[in-house]
Amino acid sequence: MDAPLDRSFTPEALDALAGPTITEHGIGGAEALRLWADVLGPACLSVDHPRYLSFIPSAPTKAAAAFDMLVGASSVYPGSWLEGSGAVYAENQALRWLAELAGLPPAAGGCFVQGGTIGNLSALVAAREAALQWRGRRPERWAVAVTEETHSSVKHALRVVMDVDIVEVPGDERGRMTGAALRGVVADLPTEVRDGIFAVVATAGTTNVGVVDDIAGIGAVAREHRWWLHVDGAYGGAGLVAPSVRPLFDGIEAADSFIVDPHKWLFAPFDSCALIYRDPVLGRAAHTQQAGYLDPVTVDGEWNPSDFAIQLTRRARGLPFWFSLAVHGTAAYRAAVEQTLTVARAGAALIREADHVSLLVEPDLTVLIFERIGWSADDYARWSARLLDEQFAFVTPTRHHGQVCTRFAIVNPLTTEDDLALIIDSMK
Ligand SMILES: Cc1ncc(COP(=O)(O)O)c(C=O)c1O
């Protein structure tokens with residue numbers, strides 16, 4: 001472990017340690033840096049710590065992290081081809097690699113955005129716009145089919161941002177959406193609700209339990225109804241590079257849009273989400289902003305990342321990922337993702353073998369959700385706080401079907417089977 005986990009502080013503690021930092025004449029570089037290094041930095045958890053296993057961690061390569069500093073310092077504007085052609089060219093190569101892994105056609109493309117939240121929202125807005133164009137009319141209410149395990153960002157985008165209804169399809173015993181369940185739910189819907197559906201979201205690696213939906217089955221139903229198939233691979237999409245799990249993603253080649261966050265399981269720093277459209281023309285139709293002052297960059301045939309998502313000014317969010325991929329090569333990515341899968345499988349075996357814990361869902365990827373038999377919510381909370389307090393690990397409780405439990409999300413190739421064994425032992 002080359003860095004501590006660190007911890008969060010209360011605002012009062014930070015007031016006492018740091019105090020006011022914004023002053024009329026400035027505190028100077030040396031003092032501001034000292035404050036960061038001694039007080040503020042250590043008050044932020046190290047998400048790339050090998051025993052940070054909560055939420056979805058991040059484990060950037062040194063190359064990606066270093067290049068991120070260069071991106072920040074270089075005043076490159078990569079929103080338009082005119083201003084940032086070199087950066088956009090490089091980002092597009094990284095997008096192409098991802099599109100090819102998914103089996104999307106050569107014309108597929110898109111851009112990098114802040115994170116899965118904006119990626120999902122941008123894709124669904126493009127889906128609705130495309131439906132409006134080909135239908136030529138609005139239904140009474142637009143709707144999208146999802147499952148209980150679909151990420152909160154998708155549901156938030158639909159409900160709060162887009163004002164779209166949600167059709168919830170029950171998951172199978174592991175929480176996966178299947179084509180059969182989707183077909184069954186839709187058949188029972190009132191005609192006006194069915195008529196409003198314009199897209200279905202398949203998740204390739206659910207956040208809480210890490211399973212991959214039946215993308216091929218869902219895609220078949222989507223095609224029958226001419227719905228847009230969006231695949232949210234924010235976390236799990238990285239598994240496309242790993243031969244041992246690639247078959248789980250079969251059907252993704254039919255996706256109309258697909259996202260994967262390099263800041264999750266593809267070793268890039270925050271914040272970076274690759275958003276790829278099968279037909280980028282549809283993304284552009286929904287998202288290109290029009291204004292006289294933008295005419296010089298709104299040029300036919302030029303690839304403007306700003307045209308494909310809810311964003312205008314943007315940071316070259318794909319460049320740290322591109323740089324690391326260019327430096328290390330794709331084989332290193334394959335090996336690193338396989339390494340985390342190997343450790344996750346070993347962790348699952350440890351949980352199966354131990355008497356005091358029990359796996360709640362058989363894993364597809366690198367999320368392990370499990371319970372400590374006999375524990376209450378308070379027990380989990382105390383244990384989790386103790387692990388962090390002792391700077392031993394960061395593992396938080398979660399809920400599965402209303403039951404409090406915990407989970408490991410393993411995206412760091414430096415996490416070992418021993419790390420998992422020690423944490424599992426700490427629950428005895
Ligand atoms: C499956 C999935 N989709 C979307 C998101 C949201 O991504 P972000 O936090 O990058 O906005 C997450 C985040 O964990 C996720 O796991």
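Helix axes here are lines fitted to C-alpha atoms over the stretch in contact, with angles running from 0 to 180 degrees between N-to-C directions. Helices (H or I, at least four residues) and strands (E, at least two) are DSSP runs, numbered from the N terminus. This is a predicted model: local features need pLDDT of at least 70, side-chain atom pairs count only at pLDDT 80 or more, and totals for chains, interfaces and linings use all residues. Residues are numbered from 1 along each chain as its sequence is written, and side-chain values use heavy atoms, leaving out hydrogens and water.

**Helix H3 against H12**
- The axes of H3 (residues 62–73) and H12 (residues 319–328) come within 8 Å, crossing at roughly 135°.
- That makes H3 oblique to H12; angles under 35 degrees count as roughly parallel, over 145 as roughly antiparallel, 65 to 115 as roughly perpendicular and the rest as oblique.
- On the H3 side, Ala 63, Ala 64, Phe 67, Asp 68 and Val 71 make contact (heavy atoms within 4.5 Å) with H12 residues including Trp 322, Phe 323 and Val 327.
- By class, this contact of H3 with H12 has nine nonpolar, two polar and one charged residues (Ala, Val, Leu, Ile, Met, Phe, Trp, Tyr, Cys and Pro count as nonpolar, Asp, Glu, Lys and Arg as charged, and the others, Gly among them, as polar).

**Helix H4 against H12**
- H4 (residues 81–102) and H12 have axes that come within 9 Å and cross at roughly 70°.
- H4 and H12 are therefore roughly perpendicular to each other, and H4 passes H12 in a left-handed crossing.
- Ala 87, Ala 90, Glu 91, Ala 94, Trp 97 and Leu 98 in H4 meet Leu 319, Phe 321, Trp 322 and Leu 325 in H12.
- Sorted by class, the contact of H4 with H12 has nine nonpolar, no polar and one charged residues.

**Aromatic rings**
- Searching the whole structure turns up 18 aromatic pairs, meaning rings of Phe, Tyr and Trp (its six-membered ring) with centres within 6.5 Å.
- Trp 97, Phe 112, Phe 267, Phe 321 and Tyr 333 are linked by ring pairs into a cluster.
- Arg 226 puts its charged end over the ring of Trp 134, 4.0 Å from the ring's centre (CZ of Arg or NZ of Lys within 6 Å of the ring centre and within 35 degrees of the ring normal).
- Arg 284 lies over the face of Trp 303, at 5.5 Å from the ring centre.

- Phe 270 and Asp 271 are joined by a cis peptide bond, with omega about -5°.
- Asp 271 is found in the loop between helix H10 (262–265) and strand S7 (273–277).

Notes:
Rings of Phe, Tyr and Trp (its six-membered ring) pair if their centres lie within 6.5 Å; planes under 30 degrees apart count as stacked, over 60 as edge-to-face and the rest as tilted. A crossing is left-handed if the near helix is turned anticlockwise from the far one by less than a right angle, and right-handed if clockwise.
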